[in-house]
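Trainee: I would like to go through this model with you. Could we begin with its confidence and then turn to individual residues?

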Amino acid sequence: MYTRCLFFSVLTLLFFTSCLEKNDSISFREEDLKAIEIEDRWAVVSEPYVSCREKPAYDARIVRNLRRGTLEKVEGEKTVTTDGKAEKWIAFSDGWVPSASVRVYSNRLRAEKSLQSD
């Protein structure tokens, strides 16, 4: 009988304390919030080396070279037809790369997470 009474008392106490207002607030750093924004897409270079070009074309001037694992914010995309073949190019802040050379993610956090699993 004593055990039942104790069990009921503890259960009642837990029930009422769970109804109390909690003042614990969750805070996020600004950089954490930016990592999960869905407005920006991010790309990770998947080829060992890829040339970032001034325009979306293989004969355009090379702006810089990127290595596998480089993380870049996607600024846009464009489909270009060359010799009857369509190819999508991805724009970064300073140039273009073929989409076949990168993996595009919906936010920075997913892109960074993909680097950890490689």
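Predicted model: local features only at pLDDT ≥ 70, side-chain atom pairs only at ≥ 80, totals over all residues.

Trainee: What does the chain average?

Mentor: The average pLDDT is 85, and 69% of the residues score at least 70.

Trainee: In what order do the elements run?

Mentor: From the N terminus on, the order is α-α-β-β-β-β-β-β-β-β-α. That comes to three helices and eight strands.

Trainee: Which residues make up the largest nonpolar core?

Mentor: There are ten: Ala 43, Val 45, Val 50, Cys 52, Leu 66, Val 74, Ile 90, Phe 92, Val 97 and Val 102. Strands β1 (41-45) and β2 (49-53) each supply at least two residues of this core. A nonpolar core is a set of buried Ala, Val, Leu, Ile, Met, Phe, Trp, Tyr and Cys residues joined through side-chain atoms within 4.5 Å. Buried means under 20% relative accessible area, exposed over 50%, and partly exposed in between (1.4 Å probe, protein chains only).

Trainee: And what does Ala 43 touch?

Mentor: Leaving aside residues up to four places away in sequence, Ala 43 touches Thr 70, Leu 71, Glu 72, Val 74, Phe 92, Val 102, Arg 103 and Val 104. A contact means heavy atoms within 4.5 Å.

Trainee: Changing topic, where is Asp 83 found?

Mentor: Asp 83 is in the loop between β5 (76-82) and β6. Asp 83 has a positive phi of about 55° although it is not a glycine.

Trainee: Is Asp 83 buried or exposed?

Mentor: Asp 83 counts as exposed because its relative accessible area is 79%.

Trainee: Why does Ser 93 count as exposed?

Mentor: Ser 93 counts as exposed because its relative accessibility is 63%. Ser 93 lies in the loop between β6 (85-91) and β7. Ser 93 and Glu 75 are 18 residues apart in sequence, and their C-alpha atoms are 6.3 Å apart in space.

Key:
Residues numbered from 1 in each chain as written. Heavy atoms only, no water. Helix = DSSP H or I, 4+ residues; strand = E, 2+ residues; numbered from the N terminus. pLDDT = per-residue confidence, 0-100.
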